[in-house]
Amino acid sequence: MEMDIESQLKLQAFLDGELPESDTREVANWVARDKEATALLGELRNTRQALAGAEGVMTLPESREFFWSKVRRDIERQEPRPVAEARKPSLLVQWRRLLVSAGAAAGVILVALLAVGPLGAGPSESESSMADPGAFTYRDYKAQATLVWLSYPAEKEIADGDAADILQ
Amino acid sequence: MPVVTVNPTAGLERAELRQRIDKALSQLSYEHRTVIVLHEFEEMEYKEIAKTMGCSIGTVMSRLFYARRKMAVLLADLKKSE
């Protein structure tokens, strides 16, 4: 039966001294009685020792930090960079984008103004009644007022001439 | 993946060992190479590597494990092709 990845990682942590104290003894016992675990631990140990040996060989002309920073830069240089990072938009493209954004913003403002209506003048309407052609109604929604004009003489008890009725 | 039982770098001259390790490292992916360099040469702990590489400790452990196993195979192959 093949060892599961969790056990393999535990074995590696044991080798690196990164295992909690409580697990260390358990893994040591496991390695002692399991040949597969012993073989894998041996392989991991050999690789680690080989790498440690290679580091000892190096006679660095620079400081350790500078040498490894160079290695890092080399690695990064070999990796392909994302396309978006490599290409920077030209000045013309940037201006075009700015104009498109500004135009869109102006359009939205214009539509909003038209929806609200002309500045300083609230919506209003006037109408004359079909049933009574002598009456004329004017509504001002902004002032919340309605004016009714009666163009013919009303009954004597109300008024002698034209009368106006204001409803609010 | 079968375990590499023989030490593939045993008895090698130091310069040759270095050359082989360089060659094997160059065949690893960027993530595997980085985790090997940080752990084996910079002597960082799992937690520090996770912080440096911006990943979880579990990911570091997994990458390090597969990087080491790949290195073992690559070094064994280089030994065979002598």
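Colleague: Why are helix 2 of chain B and helix 3 of chain B called oblique to each other?

Modeller: In this predicted model, the axes of helix 2 (residues 30-41) and helix 3 (residues 46-53) of chain B cross at roughly 135°. Angles over 145 count as roughly antiparallel and 65 to 115 as roughly perpendicular, with the rest oblique. The two helices are therefore oblique to each other. Helix 2 of chain B passes helix 3 of chain B in a right-handed crossing.

Colleague: How do you know which residues in helix 2 of chain B meet helix 3 of chain B?

Modeller: Two residues are in contact if their C-beta atoms lie within 7 Å. On the helix 2 side these are Thr34(B), Val35(B), Leu38(B) and His39(B), and they meet Ile49(B), Thr52(B) and Met53(B) in helix 3. Of the residues in this contact, four are nonpolar, three polar and none charged.

Colleague: What makes up the contact between the chains, and how many residues does each give?

Modeller: Chain B gives 28 residues and chain A gives 25. On the chain B side, helix 1 (14-26), helix 2 and helix 4 (57-80) each supply at least two residues. Helix 4 of chain B has the largest share, eight residues. That side of chain B divides into 16 nonpolar, five polar and seven charged residues.

Colleague: Where in chain A is confidence lowest, and where highest?

Modeller: The lowest mean, 49, is in strand 4 (residues 163-167) of chain A, and the highest, 95, is in helix 1 (residues 5-16) of chain A. Chain A averages a pLDDT of 76, and 65% of the residues score at least 70. Over residues 159-164 of chain A pLDDT stays under 50, and the model has 10 contacts for them beyond four places in sequence.

Methods. Residues are numbered from 1 along each chain as its sequence is written. Chains are lettered from A and ligands numbered from 1 in the order in which they are written. This is a predicted model: local features need pLDDT of at least 70, side-chain atom pairs count only at pLDDT 80 or more; totals for chains, interfaces and linings use all residues. Axes are lines fitted to C-alpha atoms, for helices over the stretch in contact, and angles run from 0 to 180 degrees between N-to-C directions. Helices (H or I, at least four residues) and strands (E, at least two) are DSSP runs, numbered from the N terminus. Angles under 35 degrees count as roughly parallel, over 145 as roughly antiparallel, 65 to 115 as roughly perpendicular and the rest as oblique. A crossing is left-handed if the near helix is turned anticlockwise from the far one by less than a right angle, and right-handed if clockwise. Ala, Val, Leu, Ile, Met, Phe, Trp, Tyr, Cys and Pro count as nonpolar, Asp, Glu, Lys and Arg as charged, and the others, Gly among them, as polar. pLDDT is the predictor's confidence in each residue, from 0 to 100.
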